[in-house]
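Subject: Structure handover

Hello,

Here is the structure I said I would pass on. My notes follow below it.

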Amino acid sequence: MNEKATGLAGQEALPEAFPPLTRHEALVESTRCLMCYDAPCTHACPTHIDIPKFIKKISTGNLKGSARTILESNLLGATCARVCPVQELCEGACVLGAEHKPIAIGRLQRYAMDYVYGKGLDIFLTAKTTGKKIGVVGAGPAGLSCAGELAKKGHDVTLFEKRDLAGGLSTFGIIGLREPVGISLAEVEMIRRLGVRIETQREIGKDLALAELQAKFDAIFLSLGLGATPNLGIPGEEQVIDGLEYIEQSKLNGHNLKIGRNVVVIGAGNTAIDCATIAKRCGAEDVTMLYRRTAGEMTAYPHEYDFIKKEGVRFEFLAQPVRILTEKGSVEAVECVRMSLGPKDASGRPAPRPVEGSHFVIAADQVVKAIGQEKASLAARLNLKTLKGYIDVNEDFQTSLPGVYAGGDCIRARGAASTVMAVQDGKLAARAIHERLVGNG
Ligand SMILES: Cc1cc2nc3c(=O)[nH]c(=O)nc-3n(C[C@H](O)[C@H](O)[C@H](O)COP(=O)(O)OP(=O)(O)OC[C@H]3O[C@@H](n4cnc5c(N)ncnc54)[C@H](O)[C@@H]3O)c2cc1C
Ligand code: SF4
């Protein structure tokens with residue numbers, strides 16, 4: 001897999017952090033695996049990859065077979081190998097973790113996947129056509145997984161994507177340090193080679209109505225992801241940079257990315273940590289993360305919090321921005337108010353409340369907000385039944401509209417949103433669609 005093939009080489013501000021395993025390292029690591037029966041790591045992987053099997057194949061030098069084992073369960077194995085929070089998933093369940101180091105499952109998965117993409121090998125043959133047509137909306141991990149699985153079964157699949165590149169957040173949102181753009185785009189090309197027609201710059205609800213898709217396709221899968229970063233609703237907000245755009249710039253236009261000297265990042269989730277990492281590694285002298293609760297309520301993974309503290313990023317807990325202070329159009333500081341924690345709110349966490357008369361100022365010449373994403377507004381406009389603003393689906397990923405399915409972040413009303421969960425949704429929805437259209441065959 002190479003970034004040169006995508007034409008995007010050298011535009012990322014931050015190169016991939018971990019080097020690939022060497023052949024020797026991969027062999028040594030793979031032979032440490034105990035090949036557990038009913039392996040806990042396989043249960044802990046949301047896509048249930050047969051991990052001992054793919055690792056065994058690495059240890060015997062069968063890298064193509066290893067990649068096949070991975071791709072049979074997870075078509076986006078190269079992305080997941082890089083972005084999965086493995087400490088919380090497969091590696092967290094490794095029995096060796098209790099007393100020794102867990103097996104480096106993510107890095108071994110990457111080793112096998114990089115081998116097949118590097119050699120340009122295709123694993124699956126296209127199947128005999130079924131004559132059924134399926135439309136997929138949104139080319140992020142959920143949409144790519146669903147479209148690819150359906151194409152493998154011989155369906156005629158068209159994938160509509162509103163952006164000019166497919167891949168969703170793997171292309172635009174995941175920091176280059178973790179996943180270079182070229183990896184995401186190589187997977188998009190593999191899905192295309194499975195026979196999926198990918199139409200970019202086609203927004204459903206704007207360029208094409210859902211009713212048009214319903215008339216044309218036997219089934220539809222909605223994988224819309226989430227929306228933009230919400231507004232802070234404070235004076236001077238127009239000077240604040242959207243965290244998702246900050247990351248996107250660092251991935252696709254890294255040479256032109258402007259980094260301040262004193263950067264304040266508003267928020268303390270995983271996206272905020274990614275923004276702080278970019279600022280720090282690309283030259284900011286001081287980076288401060290502002291959060292209205294305490295470290296105990298942060299939504300970022302614990303390993304991410306440890307990582308960013310080691311990067312030298314400061315935290316200002318129990319602080320909420322109330323105004324961006326500017327001088328002649330340039331950001332000078334963030335005015336904040338101190339918060340205290342009260343009883344739990346709807347999120348189940350203690351509600352932050354402003355402390356009267358506690359305003360203070362933090363000097364900053366760049367302010368980035370990373371306070372989550374809004375729910376996909378299209379769901380409400382399409383009159384789909386929703387749950388807490390997310391598209392409501394049954395156990396077969398069917399929405400309230402007949403023949404319309406959904407998966408990925410746009411349905412994730414509970415639990416943490418992640419790439420591997422989106423891939424699994426797409427795979428399971430594809431199975432349900434296939435069963436409805438042609439039965440179990
Ligand atoms: C900054 C950031 C960092 C992250 N880092 C990680 C990580 O390290 N590890 C991890 O596991 N997860 C991570 N995640 C979460 C992960 O990226 C998502 O859970 C995953 O991408 C969800 O996949 P999806 O297909 O549901 O949505 P998305 O990836 O958001 O894809 C949705 C696609 O639908 C398209 N679309 C939307 N509306 C329309 C429309 N009307 N018509 C046509 N197309 C449309 C969008 O343009 C987009 O391409 C991160 C998320 C963010 C924001
Ligand atoms: S897909 Fe993710 S969770 Fe599953 S085995 Fe691979 S790295 Fe682990």
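How many helices and strands does the chain have? The chain has 16 helices and 16 strands. Both are DSSP runs numbered from the N terminus: helices are H or I with at least four residues, strands are E with at least two.

Some ground rules. This is a predicted model, in which local features need pLDDT of at least 70 and side-chain atom pairs count only at pLDDT 80 or more, while totals for chains, interfaces and linings use all residues. Residues are numbered from 1 along each chain as its sequence is written, and chains are lettered from A and ligands numbered from 1 in the order in which they are written.

Overall shape

The C-alpha atoms fill a box of roughly 70 × 55 × 45 Å along the principal axes. Buried residues make up 48% of the chain. Buried means 20 or more other C-beta atoms within 10 Å of the residue's own, exposed means 12 or fewer, and partly exposed is in between, with C-beta atoms placed from the backbone. Of the contacts with a separation of 6 or more, 72% join residues 24 or more positions apart. A contact is two C-beta atoms, placed from the backbone, within 7 Å.

Ligand 1

The shell around ligand 1 holds 36 residues, and G138, G140, G168, G225 and G408 come nearest. A residue counts as near if its C-beta atom, placed from the backbone, lies within 6 Å. The elements giving two or more residues are α8, α13 (270-281) and α16 (419-438). By class, the shell has 16 nonpolar, 13 polar and seven charged residues. Nonpolar covers Ala, Val, Leu, Ile, Met, Phe, Trp, Tyr, Cys and Pro; charged covers Asp, Glu, Lys and Arg; the others, Gly among them, are polar. Domain 2 (133-162 + 202-227 + 374-438) and domain 3 (237-369) each give at least three residues to this shell. The domain bounds come from an automatic or database assignment.

Ligand 2

Here 15 residues form the shell, and C45, C80, C84, L89 and C90 are the closest. The most come from α7, with three. The shell has eleven nonpolar and four polar residues, and no charged ones.

Helix α10

This helix covers residues 181-193 and spans 19 Å from first to last C-alpha, close to the expected 18 Å. The expected span is 1.5 Å times one less than the number of residues. Ten of the 13 residues of α10 are buried, so the helix is largely enclosed by the rest of the structure. Among those buried are S184 and E187. Just after α10, G195 has a positive phi of about 115 degrees.

Backbone points to check

Most residues other than glycine have a negative phi. M35 has a positive phi near 50 degrees. D38, not a glycine either, has one of about 50 degrees. M35 sits in the loop between α1 (23-32) and α2 (40-44), and D38 is in the loop between α1 and α2. M35 is exposed, with 11 other C-beta atoms within 10 Å. D38 has 7 such neighbours and also counts as exposed.

Best wishes
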